[in-house]
Amino acid sequence: MKIKKLILLATLGAFLASCNSGDKGQLVGVQGKKWHPEKPYGMTLVPGGAFIMGKSDDDIAGVQDAPTKTATVRAFYMDETEITNSEYRQFVHWVRDSILRLKLAELADLEGKTAGNGDIGEFAYLDADPANLNAYESYMINTYGNDQRKINRDVELIFDTAEFPDELYAEVMDGMYLPLEESYNGQRTWDVSQFKFQYTEMDIQAAAKDRTLKRSDVISQREIEVYPDTTAWIRDFAYSYNEPMHNDYFWHDAYGDYPVVGVSWDQARAFCQWRTIYHNGYQKSKGKQPVNIYRLPNEAEWEYAARGGLQGATFPWGGYYTKNDRGCFMANFKPLRGDYAADQALYTVEADAYEPNDFNLYNMAGNVSEWVNGSYDTSSYEYMSSINPAVNDMDNERKVVRGGSWKDVAYFLQVSSRDYEYSDSARSYIGFRTVQDYMGTEVTKNAQK
């Protein structure tokens, strides 16, 4: 019996020795890959710091919804420009193509078609290894439930009717367009009501406040139509001819670098979810760690970024005036009691027009107002925290917009001015930009000096 115990102890000792090989029996922690912060494309690093948030001068509108207070925010990346039509179209096309591939795979499966015959079978499901799915594949399987079978995205979609491989493919494609009687000028029109993005989200705030809740209680699934509401150009302005903007603004390449509008707060948040999924799909394919989520900035982050490090400034460029020393307007807004052409623009301008602020952020004042991740409450500054302040009551549908737009007077361009719109509303003068939390050694404005 003693001999068996000795053998067991010797074996255990050898096992432990093999486990701590190289660490000499010391507590060295789990050794992972060395982390190197990587700036996302099109974003700039906004160093964390403290600032005076709110109206530092007279509130000429008398709203009294932004009293001054000291707030501190952590470092984050922010889009240098508002999200453009071209960038948002990438989202729309991704959703459209994903749904189209899913329908092709379903019909191919129903008809027993397989790859190799040059027909719809080329788009049949592929068997998936559950342990080796990228973010896109996991999204499609978890969202639409295909029994661990993934969509084939290695084959190019065909949009030219003359090149459709068979009648089954044509049947699926025709189902994605509006009926001929609903089209005009001989143009086939996508049925954009089918462009729906499904995602799940977790209410971490609710989970933290009520520890009796289970994980399933704070996870919800959302489905959002992603196509912008182009009719906003007409609905927002009665007795005004804006049909050209309705017809061309979102889809035409002439406006590719202009900020997307007609997007609700819900759609902007869906875009953030998609951007995270899309980026992490690439990260996994390269064996890299996942990135932090993309999201809308909260009010404090937005105002801190808009100020560009200038304390007490009225506008992102500093000072009290909307013109520079050469008499040129510094932003795209409604100057001179409605002379829209005075600032060289009638509607929106390119997202990188005018000069950026000291954080290299463009159009933090004017062009389009921007959704932020916050609910509008006139007294929220009184009770929100002073560190990373954020007030977002999901039961309050009034969501904050910041920065003013091409149709607003100068008051709304001030970095401290607040406005709101309802979360399901889409306007021709509201867009958005995204942020991503900075991970790693903290970078602050003070440390940069």
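Here is a quick briefing on the fold, sheets and surface of this chain.

This is a predicted model, so local features need pLDDT of at least 70 and side-chain atom pairs count only at pLDDT 80 or more, while totals for chains, interfaces and linings use all residues. Residues are numbered from 1 along each chain as its sequence is written, and side-chain values use heavy atoms, with hydrogens and water left out. The protein chain holds 11 helices and 14 strands; both are DSSP runs numbered from the N terminus, with helices being H or I of at least four residues and strands E of at least two.

**Whole chain**
- The protein chain has 449 residues, and 45% of them count as buried (buried is under 20% relative accessible area, exposed is over 50%, and partly exposed is in between, with a 1.4 Å probe and protein chains only).
- Its accessible surface is about 24,100 Å², with 50% of that belonging to carbon and sulfur atoms (areas come from the Shrake-Rupley method with a 1.4 Å probe, and for residues only the protein chains shown count as cover).
- Take the contacts in the protein chain with a separation of 6 or more: 71% of them involve residues 24 or more positions apart (contact means heavy atoms within 4.5 Å).

- β11 (residues 398-402) runs antiparallel to β12, and 4 bridges join the two.
- Lys399 sits opposite Glu421 in β12.

**The antiparallel sheet**
- Another open sheet of 4 strands goes β1-β4-β14-β9, with antiparallel pairing.
- Its edges are β1 (43-46) and β9 (294-295), each with a single partner strand, so one side of each lacks a neighbour in the sheet.
- β9 pairs with β14 (residues 435-437) over 2 bridges, in the antiparallel sense.
- Tyr294 has Gln436 in β14 as its bridge partner.
- α9 packs on this sheet, touching β1, β4 (76-79), β9 and β14, and its direction makes about 70° with that of β4.

**Strand β2 and its partner**
- β2 (residues 49-53) has a covered face made of Gly49, Phe51 and Met53, and an uncovered one with Ala50 and Ile52.
- 5 bridges join β2 to β3 (residues 69-73), and the two run antiparallel.
- Across from Ile52 you'll find Thr70 in β3.

**Surface and loop**
- Met202, Ile204 and Ile219 make a nonpolar surface patch with about 260 Å² of accessible area together.
- Ile204 lies in helix α5 (residues 204-209), and Ile204 is exposed at 57% relative accessible area.
- His252 sits in the loop between α7 (243-248) and α8, and counts as partly exposed at 34% relative accessibility.
- His252 and Ser86 are 166 residues apart in sequence, yet 9.2 Å apart in space, C-alpha to C-alpha.
- For patches, residues need over 30% relative accessible area and no salt bridge; like charges are joined within 9 Å and nonpolar side chains (Val, Leu, Ile, Met, Phe, Trp, Tyr) within 5 Å.
- A salt bridge here is a side-chain nitrogen of Lys or Arg within 4 Å of a carboxyl oxygen of Asp or Glu.

Methods
Pairing = 2+ DSSP bridges. Axes fitted to C-alpha atoms, helices over the stretch in contact; angles between N-to-C directions.
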